[in-house]
Amino acid sequence: MASFPQFDPEPQRNSESRKGSLFSLSFKQLTELIETFRLEPYRSRQLWHALYQQRVSSIEEITSLPQSIRDRLIQAGFQIGLPRIAQTYVSSDGTERYLVACLDEETVETVWMPNGDDGEMGDGSEAASEEADAVAATPGTPIEESRLLPYRRATICISSQVGCAVNCQFCLTAKLGVKRNLTAGEIAGQVAAVLNRHQARIGRDRINLVFMGMGEPFLNYDNFMAAVHLLVEEMGIPESRMTVSTSGILPGIQRFAKEKLRPKLALSLNAPNDSIRESIMPITRKWKIENLFEALREIPLRPRERMTFEYVLLGGVNDRLQDAAELAALLRRSGLPAKVNLIVWNPGPDIPYRMPTPADVAAFQSHLIADGVPAFLRRPRGRDIYAACGQLKRTVE
Ligand code: SAH
Ligand code: SF4
């Protein structure tokens, strides 16, 4: 049996069952691996191509490698390690929600939203201007018909942890508590599994990624960033097409500000002041809005980029006109180039809030805009299959 001594393929893994996952190794690490097997150097390119371009799910499928090499890899304890889609729920609006199983059978949820949910609107990104182009190119055409474009556009919503420890009062995922962190391969692997299902091609199809599924990415910082590197450097998805959302983990934001490879950032603000925020997001006790803003100001933005602030509208809690006025003032004072993504709260069992009325939502949005703050309403996607924000609960109800 080939031994594999000097090199730990995935130092951050925390379960034996994921030992030897090839999907998580960079090209450089694959090259080192091929060297330890004393194989021809071009084999590393073949292996890399099978993993990240073909996105194979078993070593047996790597037919560019002779059987003898495949056997040696398997005997040495390697596996591909891609998570697999265990269940699929299809919404009437085309959104698909997947229960994705890791090798240890822990499951997380991943969502595919054809044509996105307008979350990129107004953030100054490539993805946002395409969205606008597609709408402009087909005046009066329902957005669903932009399928006629020669490429597909979709947003994939990815989980970063099994459950979440942050305990936001309005979020279903919070009810699970946190079970474990996902590894980098499991985070990026959700994308590979969903791309495979849709036979999507990076380079042709416009795929946006949002780290807005289960979990708090900045409480699993190293694996989250390692996943970003895999997605960008190995899979070829530009980081300008990625948005990571955080509930406001201060040390995470501070580290993020120093990253070279940096997705766009969204802060789940959800309130115009610390006292309302604390009542719905207890984590505010630890880090105040002002501390978070201070850290956000250290993040270098790309030309035209805006910082996104998510704001879940909870009926009677944070959706009044005075809240909109206070929010606009807060953002103006912050000095940050900001845009607000309004999200109508999605209800869930045993969560003691109510949805805002459509009139209150419209008034809130208009008030922000009148006060000079760009504000967009996120289209709720896949409500009928519990795929919308905060509805990602692992149980299969
Ligand atoms: N943990 C990260 C990312 C996942 S949550 C974060 O909190 O930012 C992604 C977004 O969904 C957050 O902006 C959160 O405020 C929002 N959200 C959570 N529960 C929701 C619900 N029930 N309805 C609408 N949005 C919700
Ligand atoms: Fe965790 Fe985000 Fe839900 Fe808060 S909103 S509990 S941080 S997943």
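How many helices and strands does the secondary structure of the protein chain come to? The answer is eleven helices and twelve strands, where helices (H or I, at least four residues) and strands (E, at least two) are DSSP runs numbered from the N terminus.

## Before you start

This is a predicted model, in which local features need pLDDT of at least 70 and side-chain atom pairs count only at pLDDT 80 or more, while totals for chains, interfaces and linings use all residues. Residues are numbered from 1 along each chain as its sequence is written, chains are lettered from A and ligands numbered from 1 in the order in which they are written, and side-chain values use heavy atoms, with hydrogens and water left out.

## The chain as a whole

Of the 397 residues in the protein chain, 57% count as buried. Here buried means under 20% relative accessible area, exposed over 50%, and partly exposed in between (1.4 Å probe, protein chains only). The accessible surface of the chain comes to about 16300 Å², and carbon and sulfur atoms hold 53% of it; such areas come from the Shrake-Rupley method with a 1.4 Å probe, and for residues only the protein chains shown count as cover.

Contacts (heavy atoms within 4.5 Å) tell you about the fold too. Among those between residues at least 6 apart in sequence, 70% join residues at least 24 apart.

## Around ligand 1

Let's turn to the first ligand. A residue is near a molecule if one of its heavy atoms lies within 4 Å of it. Of the 19 residues around ligand 1, Gly215, Ser245, Ser268, Trp345 and Asn346 come nearest. The shell divides into eight nonpolar, nine polar and two charged residues. In this scheme Ala, Val, Leu, Ile, Met, Phe, Trp, Tyr, Cys and Pro count as nonpolar, Asp, Glu, Lys and Arg as charged, and the others, Gly among them, as polar.

Trp345 places a polar side-chain atom 3.1 Å from a nitrogen atom of the ligand. Taken alone, ligand 1 exposes 530 Å², and the protein buries 95% of that. The elements giving two or more residues to this shell are β8 (242–246), β10 (307–313) and β11 (338–344).

## Around ligand 2

The residues around ligand 2 are Cys164, Val166, Asn167, Cys168, Cys171, Ala174, Gly215, Glu216 and Ser247. By type, five are nonpolar, three polar and one charged.

## Salt bridges

The structure holds 19 salt bridges, each a side-chain nitrogen of Lys or Arg within 4 Å of a carboxyl oxygen of Asp or Glu. In one of them, Arg70 pairs with Glu60, their closest N and O atoms being 3.3 Å apart. Arg70 sits in helix α3 (residues 67–75) and Glu60 in the loop between α2 (42–53) and α3, ten residues apart. Arg70 is buried at 9% relative accessible area, whereas Glu60, at 37%, is partly exposed.

Arg97 and Glu109 meet at 2.9 Å, N to O. Because Arg97 lies in strand β2 (residues 96–101) and Glu109 in strand β3 (residues 107–114), this pair ties together parts twelve residues apart in sequence. Both Arg97 and Glu109 are buried.

Glu106 and Lys179 form another salt bridge, at 3.1 Å from N to O. Glu106 is in the loop between β2 and β3 and Lys179 in strand β6 (residues 178–181), so parts 73 residues apart in sequence are tied together. Glu106 is buried at 15% relative accessibility, while Lys179 is exposed at 52%. Finally, salt bridges that share partners join Asp104, Arg180 and Glu186 into one network.

How values were computed
Polar contact = N/O pair within 3.5 Å; in protein donor to acceptor, adjacent residues only side chain to side chain.
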